[in-house]
Amino acid sequence: LKLQFLQERIEAFDISNISGEHTVASLVSWFQGKPDKAAYRKFKIKTVEGPNDFASMQEVMTRCYRRRKEEGKPLPQLILIDGGKGQLAMAWRALQEIGITEHEVDLIGFAKGRSEKKKKLPRHDEKDVEYVVKLHQKNPIRMQQKTQAIYLLKNIRDEAHRVAITFHRQQRKKAFLHSELEDLPGIGKERRKSLLQHFG
């Protein structure tokens, strides 16, 4: 991929929601090729209404890396975005707004689909194409299958997706329990606890 830095730490984000409800984000971190779960982070999206993954990604990246810049904490060597040119452009805009330059961190998009629109692939092969998009590079890079590089990128992307979905389900469950029990007259915190303990 001809990246600038040795990829000691790689971080990836993912957004999860259903029709814009209970939108959350995950940040997963890989250190020296392995997941560093102590560095994982979860975020509730605060400023975006409705199903807007682009704006949600911009919010969470701004919140995460602005704080690090203010506290003088190190950035990862690589930030991995799940998506193509549109998602990459939004992520790059977020970094620019907080003063992070392309000389401080590598940023790539990792997407599934056709790597070249004009070149037709065999029907059975189209779904297996994974490609990387880079800043200031017109053509995406089609990744070779069954290599350590693509296994690593897939694992990171899939883990970010898993963490985001799990957190989203937790938030949705909390909202459901609140609306069903606490909104009933005479049902307070203790009564709700007793009902849940008794009925499950």
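This is a short tour of one predicted model, stop by stop. Residues are numbered from 1 along each chain as its sequence is written, and side-chain values use heavy atoms, with hydrogens and water left out. Because the model is predicted, local features need pLDDT of at least 70 and side-chain atom pairs count only at pLDDT 80 or more, while totals for chains, interfaces and linings use all residues.

**Stop 1: helix 1 and helix 2**

Select residues 53-71 for helix 1 and residues 85-97 for helix 2. Helices (H or I, at least four residues) and strands (E, at least two) are DSSP runs, numbered from the N terminus. The two axes come within 9 Å and cross at roughly 35°; axes are lines fitted to C-alpha atoms, for helices over the stretch in contact, and angles run from 0 to 180 degrees between N-to-C directions.

**Stop 2: A91**

Stay on helix 2 and centre on A91. Is A91 buried or exposed? A91 counts as buried because its relative accessibility is 0%; buried means under 20% relative accessible area, exposed over 50%, partly exposed in between (1.4 Å probe, protein chains only). Beyond its neighbours within four places in sequence, A91 is in contact with M61, I81 and L107. The C-alpha atom of A55 is 9.4 Å from that of A91, although 36 residues separate them along the chain.

**Stop 3: A164**

Move to helix 4, residues 148-182, and select A164. A164 is also buried, with a relative accessible area of 0%. Leaving out residues up to four places away in sequence, A164 touches D14, I15, S16, V24 and S26.

Methods. Contact = heavy atoms within 4.5 Å.
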